[in-house]
Amino acid sequence: MKIGIVGIGLIGASLGWDFRQMGHQVIGVSRQQRTCEIAEREGICDRASCDLASLRDTEIIFICTPIAAIIPTIELLIPHLNPDTIITDAGSVKGGIVDRATELWSSFVGGHPMAGNSESGIAAFERGLFHHRPYVLTPTPETVPVALERVAELVRSLNCILHYATPEQHDLAVAWISHLPIMVSASLISACLHEADPVILDFAKKFASTGFQDTSRVGGGNPEMGMMMAEYNRDAILRSLYQYRDRLDSTIGSIESKEWAKVKDLLAMNQVIRPEFLNSIDPE
Ligand code: NAP
């Protein structure tokens, strides 16, 4: 199959690498010429350039640009496409993208690979990044069934765990497990930095080990991406943040009133339930 990738960064390059390993032909388009040269040299794309016209006879195109560039990229791409081409995207938020993209191009299928790391750009790409990770497709009643099935087939071949959800369900669910953790983790780092005593702050930095590494990881990642999640998934992320604030207030209340049994019950319940959120992750 001839596959197009627009935006050869962490996600686009990781997809390109895996598709080439499967024997597909991958044509890449990115913003910077230097990125395109690296993509060809590293074997991520068969050919790569800054020219969207190079995607003219591709069968499926993955838009892997930052969220803000997805719709403008589709608008620029359309004049170059033949009518059979299917477009899908990798954006972390689906509301505002899927409906508009489907209006522009009927064979559009919203998608979101639930995999990544805290780096960005082509240098951050990982071989097999999507293996055993969830990959969500977000069809609507307007989605063309054949287009959906072709994207699903290709995504399944990445060895992902394929899920379907509406764009709205997707955005509410990822607000809980992806966007809220980024804001909580960022607030954690920021709260530590507000320690007024410089000696304590210095000790805290020196004493920090795996617990802090785990809990601060997502809050210390790519700032543009975190900001775009907040901007593009604002309502869902606020809904989760308000509930999180309620839970935090409740825990503070239990500790203030020395209700140790309540604190223990909360932690014990979480210990039991947490694995239900980690089904797609290798055992620790
Ligand atoms: P990234 O590493 O920053 O890669 C995006 C690349 O797109 C940039 O490196 C840039 O490449 C290129 N680009 C930017 N604007 C462009 C434009 N207008 N036209 C063509 N290329 C352009 O970002 P990412 O982490 O791969 O994320 C890409 C998409 O996947 C986003 O929509 C994000 O929401 C989604 N996503 C991210 C993750 C994650 O954990 N990172 C997970 C799942 C989904 P050059 O400037 O180098 O050419």
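Begin with serine 30: one of its polar side-chain atoms lies 2.7 Å from an oxygen atom of the ligand. Bear in mind along the way that this is a predicted model.

Now select threonine 35, where an N or O atom of the side chain is 2.5 Å from a ligand oxygen. With the ligand in view, note that the protein covers 86% of the 880 Å² of accessible area the ligand has on its own.

Next, show the whole shell of 24 residues around the ligand; among those that come nearest are Arg31, Ser92 and Gly121. Colour the shell by class and you will find 11 nonpolar, 12 polar and 1 charged residues. Helix 1 (10-21) and strand 7 (111-113) each supply at least two residues of this shell.

Let's move on to the aromatic rings. The structure holds 3 aromatic pairs. Select phenylalanine 19 and phenylalanine 62: their ring centres are 5.3 Å apart and their planes meet at 45°, so this pair is tilted. The two come from distant parts of the chain, helix 1 and strand 4, 43 residues apart. Is phenylalanine 19 buried or exposed? With 0% relative accessibility, phenylalanine 19 counts as buried, and phenylalanine 62 is buried too, also at 0%.

For another pair, go to helix 7 and select phenylalanine 203 and phenylalanine 207, about one turn of the helix apart. Their centres are 5.1 Å apart with planes at 20°, so the pair is stacked. Phenylalanine 203 is partly exposed at 41%, while phenylalanine 207 is exposed at 62%.

Last stop: arginine 127 lies over the face of tryptophan 17, 4.3 Å from the ring centre.

Notes: Residues are numbered from 1 along each chain as its sequence is written. This is a predicted model: local features need pLDDT of at least 70, side-chain atom pairs count only at pLDDT 80 or more; totals for chains, interfaces and linings use all residues. Side-chain values use heavy atoms; hydrogens and water are left out. A residue is near a molecule or strand if one of its heavy atoms lies within 4 Å of it. A polar contact is a pair of N or O atoms within 3.5 Å; within protein, one must be able to donate a hydrogen and the other to accept it, and residues adjacent in sequence count only if both atoms are side-chain atoms. Accessible areas come from the Shrake-Rupley method with a 1.4 Å probe; for residues, only the protein chains shown count as cover. Helices (H or I, at least four residues) and strands (E, at least two) are DSSP runs, numbered from the N terminus. Ala, Val, Leu, Ile, Met, Phe, Trp, Tyr, Cys and Pro count as nonpolar, Asp, Glu, Lys and Arg as charged, and the others, Gly among them, as polar. Rings of Phe, Tyr and Trp (its six-membered ring) pair if their centres lie within 6.5 Å; planes under 30 degrees apart count as stacked, over 60 as edge-to-face and the rest as tilted. Buried means under 20% relative accessible area, exposed over 50%, partly exposed in between (1.4 Å probe, protein chains only). A charge sits over a ring if NZ of Lys or CZ of Arg is within 6 Å of the ring centre and within 35 degrees of the ring normal.
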